[in-house]
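Please read this briefing alongside the sequence and the model.

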Amino acid sequence: SSGINAEYGGGPVAPIKLAIKAAVKATWDKDPDFICGHSLGGLIAECVCGETGKPGASFNAPGPWGVVPSNNLLTGDKYDGVKFEVHLTRRDPVSQVGSYMGPDHSHVGSPIWHDGSDHLMDPMIAEFGK
């Protein structure tokens, strides 16, 4: 809607910024110990942890950090040093999304890379079980 675009700077990331704001509010209200997510949920989890300082993890998520300010989704001031793990799959297209410098430079921490090409969680869960 035009209201969302006006309030959140317009463009394609405005609805994501709204979802991040709602997730940050829910985090303050519910006070979870750990926040995690997969894919877009992982991007949101990473942004929430950067805003709240809560520990967490993302799995096969695009990077929220960008060099274009209007596309940068990581806006909190607690992301430096937050306990957050980033798990990416080497040939997963979503895991490759990030800043112009690539996914190694678009997350709050250094990604832990896993072999494979699947975006789904099942292969990664199987690898964790080894």
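Ile20 is found in helix H2, where helices (H or I, at least four residues) and strands (E, at least two) are DSSP runs numbered from the N terminus. The model is a predicted one, in which local features need pLDDT of at least 70 and side-chain atom pairs count only at pLDDT 80 or more, while totals for chains, interfaces and linings use all residues. Residues are numbered from 1 along each chain as its sequence is written, and side-chain values use heavy atoms, with hydrogens and water left out.

**Ile20 and its surroundings**

- Ile20 is buried, with a relative accessible area of 8%; buried means under 20% relative accessible area, exposed over 50%, and partly exposed in between (1.4 Å probe, protein chains only).
- Leaving aside residues up to four places away in sequence, Ile20 touches Leu43, Ile44, Cys47, Val48 and Leu73, a contact being heavy atoms within 4.5 Å.
- Ile20 and Pro62 lie 42 residues apart along the chain, and their C-alpha atoms are separated by 14 Å.

**Helix H2**

- Helix H2 comprises 17 residues (residues 14-30) and should span 24 Å at 1.5 Å a residue, which agrees with the 24 Å between its end C-alpha atoms; the expected span is 1.5 Å times one less than the number of residues.
- The buried residues of H2 are Ala14, Lys17, Ile20, Val24 and Thr27.
- On the face of H2 turned away from the buried side are the exposed residues Lys25, Asp29 and Lys30.
- Asp31 follows H2 and has a positive phi, near 55 degrees.

**Cysteines**

- A search of the whole structure finds zero disulfides, a disulfide being counted as a pair of cysteine sulfur atoms within 2.5 Å.
- Cys47, one of the residues that Ile20 touches, is buried, with a relative accessible area of 2%.
- For Cys47 the closest cysteine sulfur is that of Cys49, at 9.4 Å, which is too far for a bond.
- The sulfur of Cys36 likewise has its closest cysteine sulfur in Cys49, 9.0 Å away and too far for a bond.

**Ser106**

- Ser106 has its place in the loop between strand E3 (84-89) and strand E4 (112-114), and it is buried, with a relative accessible area of 0%.
- Not counting residues up to four places away in sequence, Ser106 touches Glu46, Gly63, Pro64, Trp65, Val97, Gly98 and Ser99.
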